Amino acid sequence: MSNAESAANWMADALRKDGTLYQDVAVTHLEAEFGLSVVTTNASGNLAVKRQVLDIFNKLTPDAVWIRSGRYWRAREEFDLPGRQQS
């Protein structure tokens, strides 16, 4: 299993266990556990999860949504709009 797959699996497990997964918590853990191979620096100069990891995570968690304003993932609720990203 690649680092990207292991990182995405950790994210999916954390989301299932806690019900939410904040981006800053995920990035901090992923960098410590897997190193810079699974994180990147975004345009704002902050660490972020690499696209490859997010693509795998998205496949593992089809019923999760991204709450952009809070920068976290959670399980989809019946009031959510279609699509992964919610406001």
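1. Basis. The model is predicted; local features need pLDDT of at least 70 and side-chain atom pairs pLDDT 80 or more, while totals for chains, interfaces and linings use all residues. Residues are numbered from 1 along each chain as its sequence is written, and side-chain values use heavy atoms, without hydrogens and water.

2. Strand 5 and its partners. Helices (H or I, at least four residues) and strands (E, at least two) are DSSP runs, numbered from the N terminus. Strands pair if DSSP finds at least two bridges between them. Strand 5 (residues 72-75) pairs with strand 1 (residues 20-22) in the antiparallel sense, over 3 bridges. There, T20 stands opposite R74. Strand 4 (residues 64-67) also runs antiparallel to strand 5, joined by 4 bridges. W66 has W73 as its bridge partner.

3. The hairpin. Strands 4 and 5 form a hairpin with 4 residues between them. R71 sits in the turn, with a positive phi of about 55°.

4. Aromatic pairs. Rings of Phe, Tyr and Trp (its six-membered ring) pair if their centres lie within 6.5 Å; planes under 30 degrees apart are stacked, over 60 edge-to-face, the rest tilted. The whole structure holds 3 aromatic pairs. F57 and W73 form an edge-to-face pair, 5.2 Å centre to centre with 70° between the planes. F57 lies in helix 3 (residues 51-60) and W73 in strand 5, so this pair ties together parts 16 residues apart in sequence. W66 and W73 form a tilted pair, at 4.6 Å centre to centre and 55° between the planes.

5. Burial. Buried means under 20% relative accessible area, exposed over 50%, and partly exposed in between (1.4 Å probe, protein chains only). Both F57 and W73 are buried. W73 has a relative accessible area of 5%. W66 counts as buried because its relative accessibility is 14%.

6. The largest pocket. A pocket is an open set of points on a 1 Å grid over the protein atoms alone, where a 1.4 Å probe fits, with protein on both sides within 12 Å along at least five of seven lines; lining residues have an atom within 4 Å of a point. The largest pocket has a volume of about 350 Å³, the space filled by probe spheres set on points joined across faces, edges and corners. It is lined by 13 residues, with Q23, R51, L54, W66 and W73 nearest its centre. Helix 3 gives the largest share of the lining, 3 residues.
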